Amino acid sequence: MSSYAAVIDVRTPEETSAGYLEGSKLFDIQDASFMSNLETLDKSADYYIYCRSGNRAGAAIETMKANGFTGMLHNGGSLANAAAETGLTVVK
């Protein structure tokens, strides 16, 4: 886990209110602020991205690549999978 600059949750606020990974950045891919949130990140760093099933995380990764991100972008899939892979605590 320590190799990632950040863990990014791309779900909606309604979804994250039920739980999210401790320390994750909450960047709702469906919100108008998504692109400006991405601009705050180091484009050469590695990121771990998750959502509900992996679909939006995949879309976020494609958007990041199209906007010049060059680091490793890992699709963590769901919250449960992301928690298991990273060892981070789910905060409710």
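**Surface.** I looked up the accessible surface of the chain in this predicted model. It comes to about 4700 Å², with 49% of that belonging to carbon and sulfur atoms. Areas come from the Shrake-Rupley method with a 1.4 Å probe, and for residues only the protein chains shown count as cover.

**Ground rules.** I number residues from 1 along each chain as its sequence is written, and side-chain values use heavy atoms, with hydrogens and water left out. Local features need pLDDT of at least 70, side-chain atom pairs count only at pLDDT 80 or more, and totals for chains, interfaces and linings use all residues.

**Overall build.** I find four helices and six strands in the chain. Helices (H or I, at least four residues) and strands (E, at least two) are DSSP runs, numbered from the N terminus. From the N terminus on, the order is β-α-β-β-α-β-α-β-α-β. The radius of gyration is 12 Å, close to the 12 Å of the globule rule for 92 residues, so the chain is as compact as a globular protein of that length. That radius is taken over C-alpha atoms, and the rule is 2.2 Å times the number of residues to the power 0.38. The C-alpha trace spans about 30 × 30 × 20 Å along its principal axes.

Of the 92 residues, 43% count as buried. Buried means under 20% relative accessible area, exposed over 50%, and partly exposed in between (1.4 Å probe, protein chains only). Among contacts (heavy atoms within 4.5 Å) between residues at least 6 apart in sequence, 66% join residues at least 24 apart.

**Strand 4.** I checked both faces of strand 4 (residues 47–50), and both are covered. Y47 and I49 are buried on one side, Y48 and Y50 on the other. Strand 4 pairs with strand 1 (residues 6–9) in the parallel sense over four bridges. Strands count as paired if DSSP finds at least two bridges between them. Y50 is the bridge partner of D9. Strand 4 also runs parallel to strand 5, joined by four bridges. There the partner of Y50 is G77.

**G76.** Next I took G76, in strand 5 (residues 73–77). G76 counts as buried because its relative accessibility is 1%. Beyond neighbours within four places in sequence, G76 contacts Y48, I49, Y50, N81, A82 and E85.

**A18.** Last, I looked at A18, in the loop between helix 1 (13–16) and strand 2 (20–21). A18 counts as exposed because its relative accessibility is 54%. A18 and L73 are 55 residues apart in sequence and 25 Å apart in space, C-alpha to C-alpha.
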